[in-house]
Amino acid sequence: MPTPIAAQRLADHGLILAETSAVTGSLVFERPAWLFGHRLKNCTVGAFSFWNASGHTAAYRTHFGRYTQIGESSIIGPPEHPMDWFSSHPFAFGRPQHLPSMYQVPDFARLAPDADAGPSYVDGVVNDTWIDHEAYIGAACFVKRGVRVGIGACVGARSVVTRDIPAFAMAVGSPAKVIRMRFSDAIIERMLALAWWQYDLAPHKKQVDFAQVEATLAFFEQCKAEGRLQPLRPDTYTLMRNDDQMTLAERPPLF
Ligand SMILES: CC(C)(COP(=O)(O)OP(=O)(O)OC[C@H]1O[C@@H](n2cnc3c(N)ncnc32)[C@H](O)[C@@H]1OP(=O)(O)O)[C@@H](O)C(=O)NCCC(=O)NCCS
């Protein structure tokens, strides 16, 4: 059941946001999530996601896995405008409810699209973008709508991602190209099979050295085989924003 929530109480539910005005529409999040000072529109965010507190990142209809890391001032999944219409401007392809404040200005309102014209252009095109578990987006990147940045992938600073990036690849530049893989094929296969992001690592953290990839992987593989890795089942919420009112409702974990 959604209940009204004051901005300053979000931290009690494991969500750190500097400016709650940054949330538009809905935000589904697993706790904890550190999404300090960014704009989020209709996104889902997995546990332990960490976004740099400086600058301004914007994310639109993007699904973030667990442990994602987003550098400052990145733009992820922004809407596309139609390139093959008479005009690419929202007056031609939008609906007034997409930009209500704009159409409060009488000059814009004169050319406002019809509210009852049925599905709009944006309803018929690719809408979602994915940043998978543990993916790391460097500072000031652009990720095109519809792209999937794979599990554990790294995107170098100031890159422009226009195509999917495979799991554990490192990609840089504009357009972003893979320069190398983070690990050998064998290690990547074991990482994907282990899927450590599905488990609670905290009880075991003192028994491993995270700088030692092979040894840490082997340790967690053994824990999993012996049933000693507990699934991570974080409290998960839907935060809704309508005008100045925010509500929070519990829901099942995302993963
Ligand atoms: C992508 C990255 C992780 C690669 O680091 P690295 O493994 O040490 O890579 P190297 O410095 O050896 O560079 C490898 C090649 O990629 C190029 N390269 C590295 N980063 C690049 C980038 N962001 N854009 C374009 N090219 C890049 C290098 O010039 C080099 O090219 P060369 O072989 O022709 O000389 C790093 O450069 C980077 O961009 N990190 C992001 C840092 C950041 O944004 N932090 C924010 C944290 S909140």
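An open sheet of eight strands runs through this predicted model, in the order β2-β4-β6-β9-β12-β15-β17-β18 and with mixed pairing. Strands here are DSSP runs of E with at least two residues, helices are runs of H or I with at least four residues, and both are numbered from the N terminus. Two strands count as paired if DSSP finds at least two bridges between them. At the edges of the sheet stand β2 (15-16) and β18 (177-181), each with a single partner strand, so one side of each has no neighbour in the sheet.

Two notes on reading the model come first. Residue numbers start from 1 along each chain as its sequence is written. Because the model is predicted, local features need pLDDT of at least 70 and side-chain atom pairs count only at pLDDT 80 or more, while totals for chains, interfaces and linings use all residues.

**Overall layout**

The protein has four helices and 20 strands, and its C-alpha trace spans about 65 × 45 × 30 Å along the principal axes. The chain is divided into domain 1 (1-80 + 125-182 + 235-255), domain 2 (83-124) and domain 3 (184-233); such bounds come from an automatic or database domain assignment. Between the C-alpha centres of domain 1 and domain 2 the distance is 27 Å.

Of the 255 residues, 30% are buried. A residue is buried if 20 or more other C-beta atoms lie within 10 Å of its own, exposed if 12 or fewer do, and partly exposed in between, with C-beta atoms placed from the backbone. Contacts are defined by C-beta atoms, placed from the backbone, within 7 Å. Among contacts between residues at least 6 apart in sequence, 32% join residues at least 24 apart.

β15 and β17 run parallel and are joined by two bridges, with Cys 154 having Met 170 as its bridge partner in β17. On to β18, the pairing with β17 is antiparallel over four bridges. Here Ala 171 stands opposite Val 178, and Val 172 has Lys 177 as its bridge partner.

Which residues of β17 are on its covered face, and which on its uncovered one? Ala 169 and Ala 171 are on the covered face, whereas Met 170 and Val 172 are on the uncovered one. In a regular strand the side chains alternate between the two faces of the sheet.

β17 and β18 form a hairpin with four residues between them, and Gly 173 in the turn has a positive phi of about 95°. The loop between these strands also holds Pro 175, and the peptide bond from Ser 174 to Pro 175 is cis, with omega near -5°.

**Pairings of β5**

| Strand pair | Sense | Bridges |
|---|---|---|
| β3 and β5 | parallel | five |
| β5 and β7 | parallel | three |
| β5 and β8 (residues 62-64) | parallel | two |

Val 23 stands opposite Leu 40 in β5, Arg 39 has Ala 58 in β7 as its bridge partner, and Thr 44 stands opposite His 63 in β8.

**The nonpolar core**

The largest nonpolar core has 49 residues, and those with the most contacts inside it are Ile 137, Val 149, Ala 153, Val 155, Val 161 and Ile 165. Such a core is a set of buried Ala, Val, Leu, Ile, Met, Phe, Trp, Tyr and Cys residues joined through C-beta atoms within 7 Å. Among the elements that each supply at least two residues are β3 (23-30), β5 (39-45), β17 (169-172) and α4 (213-225). Domain 1 and domain 3 both give residues to this core, so it lies between them. Leaving aside neighbours within four places in sequence, Val 155 contacts Ile 137, Gly 138, Cys 141, Val 149, Val 161, Ile 165, Ala 171 and Ala 176.

**Backbone features in other loops**

Most residues other than glycine have a negative phi, and most peptide bonds are trans. Arg 31 and Pro 32 are joined by a cis peptide bond with omega of about 0°, and Pro 32 sits in the loop between β3 and β4. Ser 73, not a glycine, has a positive phi of about 55° and lies in the loop between β9 (69-70) and β10 (75-76). Glu 134, in the loop between β11 (129-131) and β12 (136-137), has a positive phi near 60°.

Is each of these two residues buried or partly exposed? Ser 73 is partly exposed, with 16 other C-beta atoms within 10 Å, whereas Glu 134 is buried, with 23 C-beta neighbours inside 10 Å.

Definitions and conventions: Two residues are in contact if their C-beta atoms, placed from the backbone, lie within 7 Å.
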